[in-house]
Amino acid sequence: MRPGIALIGLLVCLLAGIGAICSGCPAEAATTERIVVNRFSGVAIEGFDPVAYFVDGRPVQGTAEFEANLWGAVWRFRNEGNRASFLAHPEVYGPQFGGYDPADIARGVTVAGNPRFFVISAQRLYLFSREDNRNAFAADPERFLYEVGKRWPALQEQLSQ
């Protein structure tokens, strides 16, 4: 393939809004939904296994072999045990605030969390858009959660059902 043709193909993908389908383009998350999902596939938290954060203490990629549909999102797991645990207690294992960054929610905006920036606090999973937000939250979760408690209900109402 000629370089000029490849560049034109990439530009067409980006202009058409289907960048996630093209090789080498990052997937985009929908930030208008109650749960942050890939807007093309419907997969939550970029396909990472939400139970693995608790079991392994780190993000672990799930597989299409072990999927569950819940809350309008597709969740992926690395094994059947993690899938079963999630389905038994999604309120524990699912990311809080639908995967939106609680530090940004505290400021009054909804920004999708990045599954690579996480904190488990009080047995709950929180995802953050930036490392700085994660670090600030980890230093004083109560302060952030107090602010989130005041702002989240109104922000949640603005998100699609």
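Is R83 buried, partly exposed or exposed? At 23% relative accessibility, R83 comes out as partly exposed, since buried means under 20% relative accessible area, exposed means over 50%, and partly exposed is in between (1.4 Å probe, protein chains only).

Okay, some background before going on. This is a predicted model, where local features need pLDDT of at least 70 and side-chain atom pairs count only at pLDDT 80 or more, while totals for chains, interfaces and linings use all residues. Residues are numbered from 1 along each chain as its sequence is written, and side-chain values use heavy atoms, with hydrogens and water left out.

Back to R83. Its salt-bridge partner is E80, with the closest N and O atoms 3.4 Å apart. By salt bridge I mean a side-chain nitrogen of Lys or Arg within 4 Å of a carboxyl oxygen of Asp or Glu. Why are R83 and E80 about one helical turn apart? Because they sit 3 residues apart in helix α3, residues 80–88. Helices here are DSSP runs of H or I with at least four residues, strands are runs of E with at least two, and both are numbered from the N terminus. E80 is partly exposed too, with a relative accessible area of 40%. Across the whole structure, the search turns up 9 salt bridges.

Now look at helix α7. It has 18 residues, 141–158, and at 1.5 Å a residue it should span 26 Å; the end C-alpha atoms are 24 Å apart, so that agrees. The expected span is 1.5 Å times one less than the number of residues. There's a kink of about 45 degrees at R151, shortly before the proline P153. That bend is the angle between axes fitted to the seven residues ending there and the seven starting there.

What does α7 pack against? Its buried residues are P141, F144, V148, W152 and L155, and they pack against α5 (102–106), β5 (114–121) and α6 (131–139). Contact here means heavy atoms within 4.5 Å.

K150 pairs with E147, the closest N and O atoms being 3.3 Å apart, and the two are 3 residues apart in the helix, so about one helical turn. E147 also forms a salt bridge with R151, at 4.0 Å between the closest N and O atoms. Those two are 4 residues apart in α7, about one turn of the helix.
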